[in-house]
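Hello,

Here is the structure we talked about handing over. Please open it first, then read the notes below it.

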Amino acid sequence: MSTKVYDAIVIGGGPGGYVAAIRLGQLKQKTLVIEKESMGGVCLNWGCIPSKALIAAANFVEKAKHADVMGITITGVSVDAGKLMGWKDGIVKKLTGGVRTLCKGNGADIMMGEAKFVSADTLEVKTAEGVERVQATKGIIVATGSRPVAIPGFEFDGKQVITAKEAVSLNPLPKRMVIIGGGIIGMELGGVYSKLGVEITVVEFMPSVLASMDADLVAPVTKSMTKAGVKFLTGTKAKSAVKQPDGSLKVTVEAPDGIKEIACDVCLVAVGMKPNSDVVGIEKSGVALDKKGHVIIDEECRTNVKGVYAIGDVSGVPYLAHKASKEGEIAAEVIAGHKAARDWRAMPAATFTHPEIANVGLSEKEARDKGLDITIGKFPFAASGRAMAVSETDGFVKVIAERVGKDKKDHKIIGVHIVGPEASDLISEAALALEMDAYVEDVGLTVHPHPTLGEAVMEAAKHAIGEAVHIMNK
Ligand code: NAD
């Protein structure tokens, strides 16, 4: 078997891998990216993008149903699941095609097939045509992502007991859905399907949903979902899903007040993801893994083996597409001999619930646990003219600043947390503030256009130092 030789090879064409391949191509490295399913990975094919398309559609339905507050009566709103999924699939197709074009346009080759290490610099790839052998002289980047975790008692069948992958392609829509896991996926997709008319029950093991976030950020989301009819069973352990003679499912859970049985048509299991480090013959590369199976990397995305790099979910949390892309750029620069390093001073995250939650930096609890001398500024969207004008007044912006400098008179921004309309977009200003070591005074002094939701960020910053204009100061 002949061996094709490249400067760099990327295993996995997700938002980590394809970005690395594009950047390597731009840096004039002879590059190959290998993908076994579809370019774009989880993010483009069944994660971020499809779910956001469905969220937009569901929000549209919700707005239409409640437009009467604005004097608009819309009757007969109905959802054609086939057309909805077709529209969503069209977006996926356009984007995955775009990624292929960008890789090729920047000089990176694409090989569709399943790669396995045979040594630290050589891979065998099972393609539709046979097995190919490829070698990298400068670096192999492992960008294989993660996959949904399974739990005992819930055997995935792809139809009724499903992962998020199938949950973004439901046609027809089920009447009743049980979601195991009130984490990010459970809450995002629970929100979608409740708005599309599905009866939703969320089963969460922890005492509250979205348990890793501060409770005040989560409260507006659970309030709005409860109002929409979503049932939450917290402190509740999922035991089993069993198919019934009538074709339905019986989901059994252990709640604080005893065993409960819930009848449903579909059960989505969203209890976390695990790294795809065990699918590429990683042991042949000699790369070290942590206890959870993540490939251990340093700040240049290098593993313990010279010439092997890892990026994205497979190299550890947070499991976020933009973290993977950033690491892809870093690994590409390092392979090309440039200086680049991971520095997560500002790693924003966004949860596309209704309202949205977005954050960057330390939470109030984390700052207090660290014993930092902090001041908090908070501005509710209920006091924002723009939020009222778009009929989205739930939520607030919270700015956390540390008192620093001479006499502790300066206030460095160490965290910004937003729950409310367009939080996922508003957080970018906060990420820039943290990246640039900005003070609340910087954000407060910056003129924000009126009337915009962004003014809430400015007002929250001013509130932290008692200078907010459109709410009373402490
Ligand atoms: P998650 O870790 O966010 O939530 C899983 C939840 O399931 C937890 O709250 C956990 O307590 C609960 N759970 C675990 N076992 C259970 C059981 N037996 N019974 C009941 N509850 C149980 O995981 P996820 O929602 O599956 O998401 C996976 C990953 O994907 C996350 O790491 C997330 O960061 C990422 N993601 C990000 C976005 C985004 O950035 N908007 C969107 C989707 C997914």
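A polar contact here is a pair of N or O atoms within 3.5 Å. Keep in mind that this is a predicted model.

Start with the ligand. Which side chain has an N or O atom 2.6 Å from an oxygen atom of the ligand? That is the side chain of Glu204. The backbone takes part as well. A polar backbone atom of Ile184 lies 3.2 Å from an oxygen atom of the ligand. On the nitrogen side, a ligand nitrogen atom sits 3.4 Å from a polar backbone atom of Ala238. On its own, the ligand has 850 Å² of accessible area, and the protein covers 77% of that.

Now the shell. How many residues surround the ligand? The count is 21. Glu204 is listed among the closest, together with Ile185, Glu188, Gly272 and Ala350. Sorted by class, the shell has 15 nonpolar residues, four polar ones and two charged ones. Helix H6, residues 184-195, gives the largest share of the shell, with three residues.

Next, the aromatic rings. The number of aromatic pairs in the structure is zero. Rings do turn up next to lysines, though. Lys30 lies over the face of Tyr6, 4.4 Å from the ring centre. Lys378 lies over the face of Phe396, with 4.2 Å to the ring centre.

Then move on to helix H6.

Best wishes

Note on methods. Residues numbered from 1 in each chain as written. Predicted model: local features only at pLDDT ≥ 70, side-chain atom pairs only at ≥ 80, totals over all residues. Heavy atoms only, no water. Phe/Tyr/Trp six-rings, centres within 6.5 Å; stacked < 30°, edge-to-face > 60°. Lys NZ or Arg CZ within 6 Å of the ring centre and 35° of its normal. Near = heavy atom within 4 Å. Polar contact = N/O pair within 3.5 Å; in protein donor to acceptor, adjacent residues only side chain to side chain. Areas by Shrake-Rupley, 256 points an atom, 1.4 Å probe, with all protein chains shown as cover. Helix = DSSP H or I, 4+ residues; strand = E, 2+ residues; numbered from the N terminus. Nonpolar A, V, L, I, M, F, W, Y, C, P; charged D, E, K, R; others polar.
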